[in-house]
Amino acid sequence: KVIADNVMKQGSTISKKSAEHLATQCLCNLMLIKNEIDKLCDYSAGKEITNETIDLLVSKQLDSNAFALAKATSQFNGKRAMTLLDELYSQQIDSVPILSAISMAFIDLYRARLALNFGASQSQVKQDFSYKGREFVVANAFRDSGGFSAERLRKCIKILADTDIALKSSKTASRLLVEQAITSMLIKS
């Protein structure tokens with residue numbers, strides 16, 4: 001509603017779904033959202049702001065790309081996973097923060113999967129793991145974790161943990177290590 005109101009004040013429109021997409025891309029950071037609304041309204045010149053416009057103009061944040069990468073990897077979508085990894089590296093982000101963000105996304109999915117398995121609510125997960133200010137992460141994880149087994153997510157987290165150790169103790173090219181981790185997680189077993 002806040003996004004739609006701000007867009008309307010600038011003479012454009014945005015659907016609820018596109019407003020949610022923008023909020024997710026900006027990690028619900030109000031200052032960032034305000035800046036992106038200004039840019040989107042200037043570009044759209046009074047027309048509706050769509051998801052396509054948002055994807056074209058809004059710089060994805062590390063956490064949102066990492067979550068999308070985790071989702072693509074968990075769904076065995078190698079092409080999408082590698083495309084998202086390339087996007088992260090094109091933003092000149094170092095391998096350690098990329099791996100950290102991917103790991104956190106998998107941990108969020110794992111927590112949600114376990115919560116669903118044991119009948120815990122989203123509000124309980126938010127409270128137990130201090131998601132204050134990041135409530136959308138839990139909602140997304142609950143939405144996206146349904147198709148994954150806890151065992152599969154555990155295997156992915158183990159691969160990421162091993163890669164973290166290798167990144168910090170090996171002379172192997174860091175991007176290669178991250179790509180190997182993604183590839184290992186894409187293997188169905």
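Helix H1 (2-9), H2 and helix H3 (30-44) each give at least two residues to the lining of the second largest pocket. Helices here are DSSP runs (H or I, at least four residues), numbered from the N terminus. This is a predicted model, in which local features need pLDDT of at least 70, side-chain atom pairs count only at pLDDT 80 or more, and totals for chains, interfaces and linings use all residues. Residues are numbered from 1 along each chain as its sequence is written, and side-chain values use heavy atoms, with hydrogens and water left out.

A pocket, on a 1 Å grid over the protein atoms alone, is an open set of points where a 1.4 Å probe fits, with protein on both sides within 12 Å along at least five of seven lines; lining residues have an atom within 4 Å of a point.

The second largest pocket has a volume of about 260 Å³, volume being the space filled by probe spheres set on the points, which are joined across faces, edges and corners. Of its 13 lining residues, Lys1, Val2, Ile3, Ala19 and Ala23 are the closest to the centre. H2 supplies the largest share of this lining, four residues.

Now the largest pocket, with a volume of about 880 Å³. It is lined by 33 residues, and Thr24, Ser64, Phe67, Asn140 and Arg143 are the closest to its centre. Helices giving at least two residues each to this lining include H2 (16-25), H6 (78-90) and H9 (135-144). Which helix supplies the largest share of the lining of the largest pocket? That is H5, with seven residues.
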